[in-house]
Protein chains: 2
Amino acid sequence: VPRTISVALAGCGVVGGELLRLLRENTNSIEAKHGVRFDVTSVLVRCSERTRPVELAPGAIVTDVDSFLGAEADVVVEALGGIEPAGSIARATLARGARFVTANKALIAVHGAELQRLALRHAARLDFEAAVGGGVPIVRVLRESLADTPVRGIRGILNGTSNFILTRMEMGLSFDGALREARERGFAEADPARDLDGRDAADKIAILAWLAYGIDPTVVRARRRGILPDPEHLTADAGALGGRLRLLAECAQTSDGVTACVEPVIFLPNSEFGRTVGVQNRVVIDCGWGEPIGLSGPGAGGGPTASALLADVIRGARQLPDRAGTPVASASDETPHRWSISLDQGVPANLVPAIAARAGVVLEAARDRGSRLHIVTRRVAWRRIDLMVRTLKSRGGRPGVARLELEDSC
Amino acid sequence: VPRTISVALAGCGVVGGELLRLLRENTNSIEAKHGVRFDVTSVLVRCSERTRPVELAPGAIVTDVDSFLGAEADVVVEALGGIEPAGSIARATLARGARFVTANKALIAVHGAELQRLALRHAARLDFEAAVGGGVPIVRVLRESLADTPVRGIRGILNGTSNFILTRMEMGLSFDGALREARERGFAEADPARDLDGRDAADKIAILAWLAYGIDPTVVRARRRGILPDPEHLTADAGALGGRLRLLAECAQTSDGVTACVEPVIFLPNSEFGRTVGVQNRVVIDCGWGEPIGLSGPGAGGGPTASALLADVIRGARQLPDRAGTPVASASDETPHRWSISLDQGVPANLVPAIAARAGVVLEAARDRGSRLHIVTRRVAWRRIDLMVRTLKSRGGRPGVARLELEDSC
């Protein structure tokens with residue numbers, strides 16, 4: 001019999017609804033992997049009349065916080081946003097030794113250190129992967145993977161809304177047009193002021209500075225300038241200098257202490273930050289290793305944020321997957337690719353087209369590079385290339401073969 | 001009194017030695033943060049006569065596996081490499097319910113699933129962050145952050161040695177010259193065959209496929225081709241097509257099962273993989289979210305690998321840092337930057353140089369862009385720009401200010 005873990009969810013908008021859907025859809029695989037079942041006992045909503053993405057037990061939907069806090073719950077998930085009632089729910093949950101999982105950066109930036117002390121005092125647990133970076137697992141990486149690695153500095157694009165707007169403006173849209181599109185696509189809220197003036201990014205960099213340096217996020221005083229009031233001139237200035245404007249958040253350890261900053265920065269188009277477009281987030285962590293650690297991923301959207309919440313919800317119940325294992329069907333890889341094949345004069349060049357044709361390989365281009373013939377093929381599965389290469393080798397050729405991915409897929 | 005956790009270390013080369021140094025150097029901060037002290041009870045070495053980076057208790061250094069296994073240890077760390085005696089040490093450790101931490105990809109690729117079953121049976125724990133990706137926390141991310149997120153596919157540059165050699169050859173070195181340099185800089189072992197023929201990358205992608213899909217890594221049959229036998233023609237072919245050669249490892253879920261592949265692939269120079277140079281590793285995880293998750297960082301070197309081992313060693317003893325908090329010295333940010341300042345005609349252009357000079361700002365360039373004056377400054381701290389901007393505003397100007405980072409720093 002699997003252990004049942006009761007979950008209460010505060011907030012059932014885009015993120016909360018997606019989390020319910022993930023819990024429902026993965027019930028069997030979660031049970032198989034972790035030996036647990038999640039039972040959603042209570043969902044706090046603003047309006048009980050709206051339709052929900054999944055069916056809930058009658059009586060599970062509540063509209064007042066007291067009823068919500070009265071429900072049985074091993075884990076309380078908060079996806080409401082804002083400081084209250086999220087803060088009251090957090091305190092009540094942690095004070096009774098339960099687990100509190102949140103996507104709420106404002107709450108953690110203001111009350112994170114206090115809530116963490118409360119969690120430690122009551123042997124409870126506070127998790128907030130979804131609060132920073134959307135689908136980028138930056139909280140886990142700083143909190144665990146790098147917990148005892150000295151961090152020199154962190155730089156990042158942490159606000160998907162402003163990055164979406166800036167990159168749409170680079171493509172010729174006006175600020176108003178870009179903001180309208182962001183709203184239509186669910187990337188900007190009705191009031192995007194906290195995104196555009198840098199407060200959202202400042203909250204997030206304060207949380208990362210807390211994780212990296214142990215400094216209470218409320219005492220992190222970031223120098224902060226957003227992309228307002230004049231994003232059109234800022235992007236035009238960046239373009240005139242051959243660069244791209246990004247809203248950069250950073251913190252660093254200096255001899256005086258920890259500094260933090262959010263401001264518009266102009267990067268080269270081909271730099272890591274210049275190439276970070278749309279709602280993508282990117283974080284770069286300098287540990288003094290020569291190469292920094294980079295993390296990137298979708299910074300907004302219900303799917304990534306709900307996945308981050310789910311990982312935190314399952315935390316503790318987790319063990320490594322240990323399934324019997326479907327054998328790998330590597331022989332059946334029929335994905336077609338373009339290929340580069342060059343070969344020396346062991347095989348006469350005029351025989352190559354016929355050898356290719358017999359293997360089912362269509363040539364796109366062939367070029368004589370002095371002592372070598374260099375071929376590019378049309379899209380074809382490895383199986384056929386393998387056959388062609390074997391034939392070339394059996395005739396004394398020594399072909400060099402590489403797959404071609406000259407589209408900017410990744 | 002802090003809890004004492006005893007550690008036994010098998011292997012004291014570059015990685016093992018660096019781990020000893022990190023444990024010694026961070027004794028106080030680890031105790032403050034986690035309430036534990038690590039006591040190194042035994043170090044297994046090949047030759048007891050060599051000098052070690054840190055002093056060890058007399059009798060702690062042993063040269064035979066039986067003495068090593070006889071030592072008390074809550075955690076056994078393995079940094080020997082190879083299948084034996086690493087496998088025997090792993091089995092003995094897990095069978096008595098202790099924790100086994102390893103950087104050994106060959107061991108995990110061959111015996112990982114078996115060792116994980118052993119760990120579950122004896123309530124022991126197996127961790128291997130350092131086995132894949134060096135300083136890139138890919139194991140943790142797949143094993144925990146994305147444990148219940150369906151993964152469509154994973155692509156990565158996972159072998160730092162071959163990537164270093166390929167990117168040095170792009171800069172004009174011969175293969176032999178690049179390999180010599182890799183050896184001199186500690187990026188290639190005496191026998192680099194497993195790196196160059198793709199076996200090292202195949203081991204790593206099999207481990208990642210295990211974590212993503214639950215398939216025993218021994219049944220993952222990757223189609224494998226390395227950069228041998230003819231890396232010089234392969235890189236020349238890539239260059240002739242305007243691309244860059246990389247050794248790509250990938251696995252994906254298809255309708256038939258899971259496929260895996262290691263082979264040379266030609267990418268555009270400006271693509272994420274084309275821009276991955278030196279011993280850097282890069283992993284891209286497609287979760288079907290539109291934007292993939294990207295992770296990058298140093299793929300080789302004692303520092304990153306030992307840090308990954310240390311994070312696994314401390315695991316379990318960990319809680320969030322909760323220090324009193326040094327106040328952030330954000331006011332004292334004196335880092336000099338170049339700045340872009342554009343302004344309308346509220347302030348006459350001929351007054352701007354004097355206003356800049358009084359604020360201590362040296363202008364590098366000024367350009368009249370029709371209705372706007374656009375200035376680029378020399379390197380100067382924000383404090384001075386802030387003063388200049390305040391003066392411009394007090395005189396009716398509306399300057400737009402962005403920091404300039406047009407060097408390819410990141």
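Author: With a definition: two strands pair if DSSP finds at least two bridges between them. This is a predicted model, and in chain B six strands form an open sheet with parallel pairing, in the order β3-β2-β1-β4-β5-β6.

Reader: Which strands are the edge strands of chain B?

Author: An edge strand pairs on one side only; in chain B these are β3 (61-62) and β6 (125-127).

Reader: How many bridges join strand β4 and strand β5 of chain B?

Author: Four bridges join strand β4 (residues 75-78) to strand β5 (residues 99-102) in chain B, in the parallel sense. To find the place in the viewer, look for B:Glu78, which stands opposite B:Thr102 in β5(B).

Reader: What is the order of the strands in the open sheet of chain A?

Author: The order in chain A is β3-β2-β1-β4-β5-β6, six strands with parallel pairing. Its edge strands are β3 (61-62) and β6 (125-127) of chain A. Strands β4 (residues 75-78) and β5 (residues 99-102) of chain A pair in the parallel sense over four bridges, and A:Val75 stands opposite A:Arg99 in β5(A).

Reader: Now the two chains together. How is the size of an interface given?

Author: Often as the accessible area lost when the parts come together. Between chain A and chain B the buried area is about 9,600 Å², and carbon and sulfur atoms give 54% of that. In terms of residues, 108 of chain A are in contact with 108 of chain B.

Reader: How many salt bridges and how many polar contacts lie between the chains?

Author: The count between chain A and chain B is 10 salt bridges. One salt bridge is formed by the side chains of A:Glu250 and B:Arg403, at 2.7 Å from N to O.

Reader: Which element gives the largest share of the side of chain A that touches chain B?

Author: Strand β10 (residues 257-267) of chain A, with nine residues. Sorted by kind, the residues on that side of chain A are 51 nonpolar, 28 polar and 29 charged.

Reader: In which sense do the β12 strands of the two chains pair?

Author: Strand β12 (residues 293-298) of chain A pairs with strand β12 (residues 293-298) of chain B in the antiparallel sense, over three bridges. Within this pairing, A:Ser296 stands opposite B:Gly294 in β12(B).

Reader: How many salt bridges does the whole structure hold, over all chains?

Author: The search finds 60 salt bridges over all chains. Among them is the one between the side chains of A:Glu170 and A:Arg246, at 2.6 Å from N to O.

Reader: Why does this pair tie together parts that are apart in sequence?

Author: Because A:Glu170 lies in helix α7 (residues 160-170) of chain A and A:Arg246 in strand β9 (residues 244-254) of chain A, the pair ties together parts that are 76 residues apart in sequence.

Key:
Residues numbered from 1 in each chain as written. Chains lettered and ligands numbered in written order. Predicted model: local features only at pLDDT ≥ 70, side-chain atom pairs only at ≥ 80, totals over all residues. Heavy atoms only, no water. Contact = heavy atoms within 4.5 Å. Buried area = accessible area lost by both parts, 1.4 Å probe. Salt bridge = Lys/Arg side-chain N within 4 Å of Asp/Glu carboxyl O. Nonpolar A, V, L, I, M, F, W, Y, C, P; charged D, E, K, R; others polar.
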